[in-house]
Amino acid sequence: MQTWGIADFSQIRSSIVPSFQGLLRFLTFPALFDATTYLTRASDFTSNANTNFFLCSFWFNISSNSSGAGVSKIIYVNSSDFGTEGTVSVVFSGASGRISVNGFNSTAFVPVFSAQLGTTAANSFSSVSNLGWHNVLVSVSATGSRFYAYIDNVAVTPTSTTVTALTIDYTRTEHQFGSGTSSGKSLGLVNIDIAQFYLNTQSYLDLSQSSNRLLFRTQSGGPADMGASGATPTASSPMIYLTGPASIWNNNVGYGGAFTVAAGALTNSTTVPSG
């Protein structure tokens, strides 16, 4: 009969525990924004700087009770007021229900890039179309005049975008997630599930290369393991990487520092992106 000693159990533990820890690190934790809560940061991010790059990836879930099209819904903006002060933003664009990404220079708000993603109904995410989880991936190099955008691993043509060789104005004294105005915060509140929100201001990746897209989305179509601090795609942590259970989702495991839950409370989503 086989007998087991302490050394045998130690060997088993050494092989199982790292695998289990890796599995936990890989799990995706979406947070539900229910149009009553939002995150804010009342100071600039740690080590924030204006650069020529914008690399962003996130997952979002549209359900039957999500906010429909009609009013712009703010996912992220680097200001207390999206309409008059924000120079970098990710939003649902009004009546079209499409995602738009925007980056401006500090001088007279000259656009470095500004694009609404997609020109067909397949890229419209109102409450009555395209229900379920979707992945958005955008990479911009202002110095190289390069702009790549993918939704669910399919290249999308923006309605219009011109990449200008200027610096993107990232540095602001307030940053908000889930809302975009200081006057009665209700304007722009989102009602969606969001997972793995990643914003890297220091790096650019050529997303036309499938190997680079696989850093964010697996071959089977699910979220990729980007590492505990989001460092896997570019070998360094991004400024913003929001992930984890709802109770700590606002902590931001990127290098920029935590957000504060400013109203309501984040809750864990009842569904996760699969693949």
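Trainee: Which residue of E12 does Trp59 stand opposite?

Mentor: Two strands pair if DSSP finds at least two bridges between them, and strands here are DSSP runs of E with at least two residues, while helices are runs of H or I with at least four, both numbered from the N terminus. In this predicted model, Trp59 stands opposite Ala195 in E12, and strand E3 pairs with strand E12 (residues 191–200) in the antiparallel sense over 6 bridges. E3 also pairs with strand E8 (residues 132–141), again antiparallel, over 10 bridges, and there Leu55 has Ser139 as its bridge partner.

Trainee: How should I treat the numbering and the confidence?

Mentor: Residues are numbered from 1 along each chain as its sequence is written, and side-chain values use heavy atoms, with hydrogens and water left out. Because the model is predicted, local features need pLDDT of at least 70 and side-chain atom pairs count only at pLDDT 80 or more, whereas totals for chains, interfaces and linings use all residues.

Trainee: Why is E3 described as largely enclosed by the rest of the structure?

Mentor: Buried means under 20% relative accessible area, exposed over 50%, and partly exposed in between, with a 1.4 Å probe and protein chains only. By that reading, strand E3 (residues 53–62) is largely enclosed because 9 of its 10 residues are buried. In the chain as a whole, buried residues make up 50% of the 275 residues.

Trainee: What is the strand order in the open sheet of 7 strands?

Mentor: The order is E7-E6-E5-E4-E11-E2-E14, with antiparallel pairing. Its edge strands, strand E7 (111–116) and E14, each pair on one side only. Within this sheet, strand E2 (residues 38–41) is joined to E14 by 3 bridges, and Thr40 stands opposite Thr260 in E14. In general, the side chains of a regular strand alternate between the two faces of the sheet.
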